[in-house]
Amino acid sequence: MQLETVATTLRNAHREDPHFSVKMRIQKLNQLKKVIVRNESEITRALKADLGKSAFETYATEIGFILEEINFTVKHLESWAKVKKVKTPLTLFPGTSFIYSEAYGVVLIISPWNYPFQLCLSPVIGAIAAGNKVVVKPSEFASETSSIIKNIIMEVFKENEVSVVQGGLEETQVLLKQKFDYIFFTGSTSVGKIIMKAAAEYLTPVTLELGGKSPCLIEESANIEIAAKRVAWGKFLNAGQTCVAPDYVLIPAKLQDEFIERLRFYITTFYGLDVKSSHDYPRIVNNRHFDRLKELLIQDKIAIGGELNREENFIGPTVMKNVDLSDKVMQDEIFGPILPIIPYDNLENAIKNIMNFPKPLAFYLFSENSEQQNDIIAKIPFGGGCINDTVIHLANPNLPFGGVGTSGIGSYHGQKSFETFTNYKSVFKQGTLVDIPLRYPPYNEKKLNWIKLFLR
Ligand code: NAD
């Protein structure tokens, strides 16, 4: 298919078949599931090649996640897509009111490299569920996974239903010049701005799933053992290359050393003493990111790890203590296995420090005090998060996932994905047997009094 005209080609296909039936969408999603299951070992191999991901992580955070998303969507799609009757005020008697769901048309999905399978296919599921045609642009930095995605999609969908575009900047620029009916982008905040500018040209609605520094606040009542275990898991999963990984930890100064000791224990428990030889610990995606991360290390502040190997793009799980807000590691999203710990003496100041950063994608609070939990969650703006855990909120399809402010616009997962890719048409259906004359001119005092009686 011609890259320059892909949007038009798919729009023509959509116009010919705008009612891509719910039954057909379910069939396609079930078929997608089958093909993914059949390709499980190929997908696992590709993610090992792209990111050194273990089979377990690949299944839990990529394949299994997508299968669950398909199951959930297929189970509920008929009810989501139904025409919904809503209440009608008495003043509009004898009419009735309905909301129809309609596909936007042609959706562009651009995805990143860190969970290259899941972050590409999850929005595709939502877009198809809502009845759209889709152009997908996976990340060029996870090329093995991108080509498996292409094969899977080509087996399930016709080219004018879902079209996969492989490539980087050049290809994406060609896509962004075209008119889409919806753009769904996952990636960095800086590229998010480029996408939104391009979308503005056609007033195309967007979802932007972006990044930022997601804080983890440990309050003094916290269970430190559990906090250390769950922070170590959420941070070093995918070697820290997770958009919702805890970026930094704020902890009462008196608990810092104990917390670091427990982190050390769990890092060793998870990955052994020689992390480099652990099959469960992934690699940094490329040299460019390796070099960027290396620059963030301050030797004097390294409490755990700091091991580097550029040939293998290996950076061991690293914890830095007594980190200052002015340190380089606190300037931008880390997106790697480096965890800065910032000690605090005053909880209110710690909260203020978090709020001085742009609104984060995720926020994690460890606390055993329910009053504090409610108070802190209410005070801090963020996209989504957990109390006494990290990252795992993504696993509940009933929780919409997205950011706020510079961490994103809009959300998806589960029903929210269907809603994201749906245009809701509001329809008022009037009866024709009676026609109350009140609203028609010529107006008079009596009509005005009647209208005042109804609309107060
Ligand atoms: P990126 O923004 O560099 O790239 C994302 C996609 O945009 C890729 O497909 C890439 O080819 C394309 N792209 C890159 N530069 C472009 C340009 N100038 N014009 C048009 N398209 C361009 O992001 P990345 O490095 O792949 O991923 C890391 C970032 O993504 C981090 O900031 C992370 O927090 C964020 N992220 C967010 C989520 C989320 O769900 N909110 C999930 C994963 C990653």
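**Close-up views of a predicted model**

**View 1. Helices α4 and α5.** Helix α4 (residues 55–81) packs against helix α5 (residues 118–129) at an angle of about 10°, and their axes are 9 Å apart. This is a predicted model, in which local features need pLDDT of at least 70 and side-chain atom pairs count only at pLDDT 80 or more, while totals for chains, interfaces and linings use all residues. Residues are numbered from 1 along each chain as its sequence is written, and side-chain values use heavy atoms, with hydrogens and water left out. Two packed helices are described by the angle between their axes and the distance between the axes. Axes are lines fitted to C-alpha atoms, for helices over the stretch in contact, and angles run from 0 to 180 degrees between N-to-C directions. Helices (H or I, at least four residues) and strands (E, at least two) are DSSP runs, numbered from the N terminus. α4 and α5 are therefore roughly parallel to each other; angles under 35 degrees count as roughly parallel, over 145 as roughly antiparallel, 65 to 115 as roughly perpendicular and the rest as oblique. On the α4 side, the contact (heavy atoms within 4.5 Å) is made by Thr61, Glu62, Phe65, Ile66, Glu69, Ile70, Thr73 and Leu77, and on the α5 side by Gln118, Leu121, Ser122, Ile125 and Ala129. These residues divide into 7 nonpolar, 4 polar and 2 charged. Ala, Val, Leu, Ile, Met, Phe, Trp, Tyr, Cys and Pro count as nonpolar, Asp, Glu, Lys and Arg as charged, and the others, Gly among them, as polar.

**View 2. Helices α2 and α6.** The axes of helix α2 (residues 22–38) and helix α6 (residues 143–156) cross at roughly 140° and come within 9 Å. That angle makes α2 oblique to α6. Lys28, Gln31, Leu32, Val35, Ile36 and Arg38 of α2 meet Ile152, Glu155 and Val156 of α6. The residues of this contact comprise 5 nonpolar, 1 polar and 3 charged.

**View 3. The largest pocket.** The largest pocket has a volume of about 1,200 Å³. Of the 45 residues that line this pocket, Gly187, Ser188, Thr189, Ser190 and Val191 are the closest to its centre. Two or more lining residues come from each of α7 (169–176), β6 (182–186), α8 (189–200) and α11 (287–294). α8 gives the most, with 6 residues. The lining divides into 20 nonpolar, 16 polar and 9 charged residues. On a 1 Å grid over the protein atoms alone, a pocket is an open set of points with protein on both sides within 12 Å along at least five of seven lines, a cavity is a set where a 1.4 Å probe fits but cannot get out, and lining residues have an atom within 4 Å of a point. Grid points are joined across faces, edges and corners, and a volume is the space filled by probe spheres set on the points.

**View 4. The largest cavity.** The structure holds 1 cavity of 30 Å³ or more. About 50 Å³ of space lies in the largest cavity. Among the residues that line the largest cavity are Gly212, Lys235, Cys243, Asp247 and Phe335. Its lining residues divide into 4 nonpolar, 5 polar and 3 charged.

View 5. Phe93 and Pro94 are joined by a cis peptide bond, with omega about 10°. Pro94 is found in the loop between β1 (84–86) and β2 (96–103). The peptide bond from Pro441 to Pro442 is also cis, with omega near 0°. Leu203, although not a glycine, has a positive phi of about 50°, and this residue is found in the loop between α8 and β7 (206–209).
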